[in-house]
Amino acid sequence: MAIVGLKLVTFALIDPITQQILKGEDGLSEDGLYQVDTKDMGSKTANITGLVGSSTKRYGNNVAQQVTYGAPAPSIAYDSLNLDFDIKQKIKGFVPDGKGGWTPSDPAHVAMLIETQSLAGNSIYFGFGNCTAVESEANIQTNDDNNQIVDDALTISALDTIAFGHKPFKLYNAADTGFDEPTMLKEVFGGYVAPAGTGTGTGE
């Protein structure tokens with residue numbers, strides 16, 4: 001099945017041990033979720049690699065008889081047009097000094113949900129329940145006839161996720177008859193439950 005477009009990316013901070021969502025001052029919002037939407041000018045790309053581990057051929061009788069694959073090690077090259085400054089620092093694990101400064105610390109653990117769509121318009125989700133994020137460079141250039149804009153580029157590495165049976169990612173298809181959005185959010189975002197009287201927090 002083909003997929004088309006990048007509809008929405010949602011982040012949350014999680015506890016590195018329990019992988020449960022962090023909320024309020026410890027998290028990214030009161031309920032823990034942060035949608036990268038129009039206030040951030042949205043997400044540009046989320047290029048996922050490493051969904052399958054490296055392959056090894058096994059030979060018998062002088063011909064290849066089997067191919068084995070190593071464990072998947074997903075990495076997401078994420079690009080946002082104008083991600084909120086404080087949110088980006090929290091996602092990276094930087095620590096504020098209360099005077100406008102942020103210093104590197106141990107990487108934060110984050111959960112990430114990437115929503116795309118099928119050609120029929122049904123939502124397809126890539127869930128990463130335990131990740132770390134780094135910003136490895138900032139290519140700052142002088143303006144000329146045009147403003148030289150530097151996007152918010154993060155490299156996000158997926159780790160073992162308890163809720164996924166100790167796998168690093170999980171796919172969800174909203175067109176499946178058994179699909180349940182609250183269950184998906186609870187799995188991806190470490191026990192998340194939508195506050196009463198609110199939406200579920202996705203782009204639907």
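**Exercise 1. What volume does the largest pocket have?**

Solution. This is a predicted model, where local features need pLDDT of at least 70, side-chain atom pairs count only at pLDDT 80 or more, and totals for chains, interfaces and linings use all residues. Residues are numbered from 1 along each chain as its sequence is written, and side-chain values use heavy atoms, with hydrogens and water left out.

Step 1. A pocket is an open set of points on a 1 Å grid over the protein atoms alone, where a 1.4 Å probe fits, with protein on both sides within 12 Å along at least five of seven lines. Lining residues have an atom within 4 Å of a point. Points are joined across faces, edges and corners, and a volume is the space filled by probe spheres set on them.

Step 2. Read the value. The largest pocket has a volume of about 260 Å³. Of its 16 lining residues, the closest to the centre are Leu13, Asp26, Lys90, Gly93 and Ala108.

Step 3. Sort the lining. It has 9 nonpolar, 3 polar and 4 charged residues. Here Ala, Val, Leu, Ile, Met, Phe, Trp, Tyr, Cys and Pro count as nonpolar, Asp, Glu, Lys and Arg as charged, and the others, Gly among them, as polar.

**Exercise 2. Which elements give two or more residues to the lining of the second largest pocket?**

Solution. Step 1. List the lining: Ile3, Gly5, Leu6, Ala46, Ile48, Leu51, Ile114, Thr116 and Phe126.

Step 1. Name the elements. They are strand 1 (3–13), strand 3 (43–49) and strand 9 (110–118). Strands are DSSP runs of E, at least two residues, numbered from the N terminus. The largest share, 3 residues, comes from strand 1.

Step 2. The lining divides into 7 nonpolar, 2 polar and no charged residues. The pocket holds about 160 Å³ of space.

**Exercise 3. With which side chain does the side chain of His109 make a polar contact?**

Solution. Step 1. His109 is in the loop between strand 8 (102–103) and strand 9.

Step 1. Find the partner. The side chain of Asn130 makes the polar contact, at 2.8 Å. Such a contact is a pair of N or O atoms within 3.5 Å; within protein, one must be able to donate a hydrogen and the other to accept it, and residues adjacent in sequence count only if both atoms are side-chain atoms.

**Exercise 4. Where is Asn61 found?**

Solution. Step 1. Asn61 is in the loop between strand 4 (55–60) and strand 5 (63–69).

Step 1. Its phi is near 55°, a positive value in a residue other than glycine.

Terms used:
Helix = DSSP H or I, 4+ residues; strand = E, 2+ residues; numbered from the N terminus.
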